[in-house]
Amino acid sequence: MSTFTLPNSEPEIPIHLTPDLSEEQLLSFPAFNTWISTLRHSLSTQKSPSHAFHSAPYRLRRIDVQSVDFFGGKRLGFVKLQADLSNDNGEKLPGSVFLRGGSVGMMLILQPDDVPEGTEDEKQVILTVQPRIPAGSLALAELPAGMLDNSGTFAGGAAKEIAEETGLEIPASDLINMTELAIPASSLDSEEHLQQAMYPSPGGCDEFIPLFLWQKRVPRGQLKKWQGKLTGLREHGEKITLMLCPLDQVWKHGGRDAKVLAGWALYQGLKQQGKI
């Protein structure tokens, strides 16, 4: 086990690594860099007299990496670590963290082109049904989604995942970032600089998911072709079936998926405010 000091830390913050992880690998891991940068800025906001922790501010004292997973035996994919955060009174904050980085989720809405325009009639949402072993499921219905690989924009990543999971080739410029429309960006130093995205499990995981919207009117016969279509990258072990779900029922049929519930809520809220 090796130890190094977090760059630009004062007082110095030691990071203890597992034998199979190097300093270079951790410091080049996008998920770690995003997390540590966000956390450091959030800790700096305690300087404000109006902050709840101003009188006894917390600081990061050490990081212990507990385990790592590599994708394909080479690329760092997941990191489990313990962050020691406490104040001078000896009070601690929970610091068990599973780092996996950002993902993208897509709400794809189709409507038969023989339905009057400007209505919500007969709108269908494309859901993917696939095995999700961490949930103990072989057939979980959810919005199409995928991990970001740090190549390009969020919209570009979303378009790539749509193609992989549904077979639809959609230009990134046709996607609407619903989370960006709903959540204002933080620019003041006194505010936390979180992602313009939803955090499905912030009590233990850094994952953030911007949710995109795409709507299209299609021939009624095309809708039937998509129902039950098999998609996904077989070389990545993906076994995905497409399911069309009525928009007004998606909160029930996809209710186990946080992306579905968040996407549906964002769609309804933005629709009410006239932003989409």
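This note sets out, point by point, the features of a predicted model.

1. Basis of the note. The model is predicted; local features need pLDDT of at least 70, side-chain atom pairs count only at pLDDT 80 or more, and totals for chains, interfaces and linings use all residues. Residues are numbered from 1 along each chain as its sequence is written, and side-chain values use heavy atoms, with hydrogens and water left out.

2. Overall form. The secondary structure of the chain comes to 7 helices and 14 strands; helices (H or I, at least four residues) and strands (E, at least two) are DSSP runs, numbered from the N terminus. Along the principal axes, the C-alpha atoms fill a box of roughly 65 × 45 × 30 Å. Of the 276 residues in the chain, 42% are buried. Here buried means under 20% relative accessible area, exposed over 50%, and partly exposed in between (1.4 Å probe, protein chains only).

3. The largest nonpolar core. A nonpolar core is a set of buried Ala, Val, Leu, Ile, Met, Phe, Trp, Tyr and Cys residues joined through side-chain atoms within 4.5 Å. The largest one has 26 residues, of which Ile15, Phe32, Trp35, Leu60, Leu81 and Leu99 touch the most other members. Helix H2 (30–44), strand E3 (59–71), E4 and E6 are the elements that give two or more residues to this core. H2 gives the most, with 6 residues.

4. Aromatic pairs. Rings of Phe, Tyr and Trp (its six-membered ring) pair if their centres lie within 6.5 Å; planes under 30 degrees apart count as stacked, over 60 as edge-to-face and the rest as tilted. By this rule the count comes to 6 aromatic pairs. One of them joins Phe53 and Tyr58 edge-to-face, at 5.1 Å centre to centre and with 75° between the planes. Phe53 counts as partly exposed because its relative accessibility is 35%, whereas Tyr58, at 11%, counts as buried.

5. Phe78 and Phe98 form a tilted pair, 5.1 Å centre to centre with 50° between the planes. This pair links distant parts of the chain: Phe78 lies in strand E4 (residues 75–86) and Phe98 in strand E6 (residues 96–99), 20 residues apart. Phe98 has 29% relative accessibility and therefore counts as partly exposed. Ring pairs link Phe71, Phe78 and Phe98 into a cluster.

6. Ser9. This residue sits in the loop between strand E1 (3–5) and strand E2 (14–16). At 9% relative accessibility, Ser9 counts as buried. A polar contact is a pair of N or O atoms within 3.5 Å; within protein, one must be able to donate a hydrogen and the other to accept it, and residues adjacent in sequence count only if both atoms are side-chain atoms. A polar atom of the Ser9 side chain lies 2.6 Å from the backbone oxygen of Leu6, and one lies 3.1 Å from the backbone nitrogen of Ile13.

7. Strand pairing around E12. Two strands pair if DSSP finds at least two bridges between them. Strand E7 (residues 103–112) and strand E12 (residues 211–218) are parallel partners over 8 bridges, and Leu110 has Lys216 in E12 as its bridge partner. Strand E11 (residues 176–177) runs antiparallel to E12, joined by 2 bridges; Ile176 stands opposite Leu213 in E12.

8. Helix H7. Lys259, Val260, Ala262, Gly263, Leu266, Tyr267 and Leu270 are buried in H7. They cover an arc of only 170° around the axis, so they lie on the same side of H7; the arc is that of the directions from the helix axis to the C-beta atoms. Just after H7, Gly274 takes a positive phi of about 75°.
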